[in-house]
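Welcome! Have a look at the sequence and the model below, and then we can walk through some of its parts together.

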Amino acid sequence: MAEGAATSTATALPVRDIPGSYGIPFASPIRDRLDFYYFQGQEKYFQSRIDKHHSTVVRLNVPPGPFMATDPRVIAVLDANSFPILFDVSKVEKKDVFTGTYMPSTSLTGGYRVCSYLDPSEPNHAKVKQLLFNILASRKDAVIPGFRINFTALFETMESQVATAGKSDFNKLNDNTSFDFLGEVYFGVRPSSTALGSTGPTKSTKWLFLQLCPLMTLGLPKILEELLLHTFPLPPLIAKCDYKALYKYFSSVAGSALDYAEKLGLNRDEACHNLLFATVFNSYGGMKVLLPGILGWLAKADKSLHVRLAKEIRSAVLAEGGKVTLNAVEKMDLTRSVVYEALRMDPPVKYQYGKAKQDLVIESHDAAYKVKKGEMLFGYQPFATRDPKVFDDADQFIGDRFLGDKGKKLIKYVVWSNGPETESPTVSNKQCPGKDFVVLVGRLLVVEFFLRYDTFTADVGTVLLGSQVTVTSLTKATSSSV
């Protein structure tokens, strides 16, 4: 936690009332929702309120509001110093706030509140998280070879498409490849080799959409989106058959994990729904955003960064006898820095929530603010990870930002995982159990890419909650590679 982020005692900073207003019930939250999605956009929505109140801690309404969420009122923490209060589970409750002020129907998760919606004080939280830790530990040796096999096939397809059509949709290839990769690495069975066939990504995306659509816009007419996406939840029935097929896959391949879950005292059915959620929502949903995000930032970076990455990666692999090993990857400091910088610029999960368990005093850089027990705290993570009082040129992607002594001191402000990058997930906190796995996968993408290519070009746009990357040219590696 950043120093002085939250305290219930005295503070050296001036104490201010939290500025901002929630406005008129019902009417103001709808107006604010329109500002957030259409008239201002999320970045301007938050920045305009910071500018108006001269404070990075403000009261405001967050979407989706009526009728999707009963109470849209939050205290927003929008800087790097106040944001870490959201990680302190001794001070904030994380029960049913994973997606914010609304919670998708448990009909989408087998009738269970899965781990992401549990507060660490609830008994099953520790059990499920321990189950996930066990899977990650038992399958750690499968990650690198599994990634290489699956993404080598992706790159070969990408090359063929660029050669024949002049472009390749990386997102589409990544969706299919990541889904197979996760099934193979976590459970030893590719989903595409089972009854799911090639339908897993499509079924998963439909299921994910039903949970996240209140936070999306699709470019449809505003009135249509407001009625379909932002006012009432879509019926879980839409994805019932898809979810049933996904559940059948997990129940058939996760036998040993489910046996372990029973030893932990978990119901086997509940454990399976949790494994499905962790794999599809947390891991697959994360990779759908993370990997195009990394490639997109690299596409927009100066080509000199490509040269430096290729040199570092190939030298480290050569020193390992031409093999991509964990030891080789750990020596690639620039590669790690690039992934951290991508996570800083565009964290896969942009919103964090927590309800105050007690009266608190939250500190921004400039002032302290009193929060009452029961008030909802909200953080928009890009404003914390692009805080200009912490990062120089905060809105620019700088690949080597985290190198050297100065760079290492900044790593604690990379908080994409619901906690500082310098800390580790435990059964008693809400930090992502796959934190190190995700960073490794991001690094492996960069490693495999620059073992094959010297440089590339791509068109980078936006799609739903992430970047759309269309690769337009690839320059094959001209120096020693594997």
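Predicted model: local features only at pLDDT ≥ 70, side-chain atom pairs only at ≥ 80, totals over all residues.

Find Tyr351 and you will see that Tyr380 in strand 10 stands opposite this residue.

You can pick out the partners one by one. Val92 is bridged to Ala356 in strand 7, and Glu93 has Lys355 of strand 7 as its bridge partner.

Which order do its strands follow? The order is 3-4-10-7-5, with five strands forming an open sheet of mixed pairing. Strand 3 (57-61) and strand 5 are the edge strands, as each of them pairs on one side only. Helix 2 (residues 42-53) packs on this sheet, where it touches strand 3, strand 7 and strand 10. The direction of helix 2 makes about 130 degrees with that of strand 3.

How much of strand 7 is buried? Of its six residues (351-356), five are buried, so strand 7 is largely enclosed by the rest of the structure. As you follow the strands by eye, keep in mind that side chains in a regular strand alternate between the two faces of the sheet.

From its first C-alpha to its last, helix 16 reaches 27 Å, close to the 26 Å expected at 1.5 Å a residue.

Our last stop is a pair of helices. Two packed helices are described by the distance between their axes and the angle between them. For helix 9 (residues 255-263) and helix 10 (residues 268-300), the axes come within 9 Å and cross at roughly 125 degrees. Helix 9 is therefore oblique to helix 10, and the crossing is right-handed. Where do the two meet? On the helix 9 side the residues include Gly255, Ala257 and Leu258, while Arg268, Ala271, Cys272 and Leu275 are the ones they meet in helix 10.

How values were computed
Residues numbered from 1 in each chain as written. Heavy atoms only, no water. Buried < 20%, exposed > 50% of the residue type's maximum accessible area, 1.4 Å probe, protein only. Helix = DSSP H or I, 4+ residues; strand = E, 2+ residues; numbered from the N terminus. Pairing = 2+ DSSP bridges. Expected span 1.5 Å × (residues − 1). Contact = heavy atoms within 4.5 Å. Axes fitted to C-alpha atoms, helices over the stretch in contact; angles between N-to-C directions. Parallel < 35°, antiparallel > 145°, perpendicular 65-115°, else oblique. Left-handed = near helix turned anticlockwise from the far one by under 90°.
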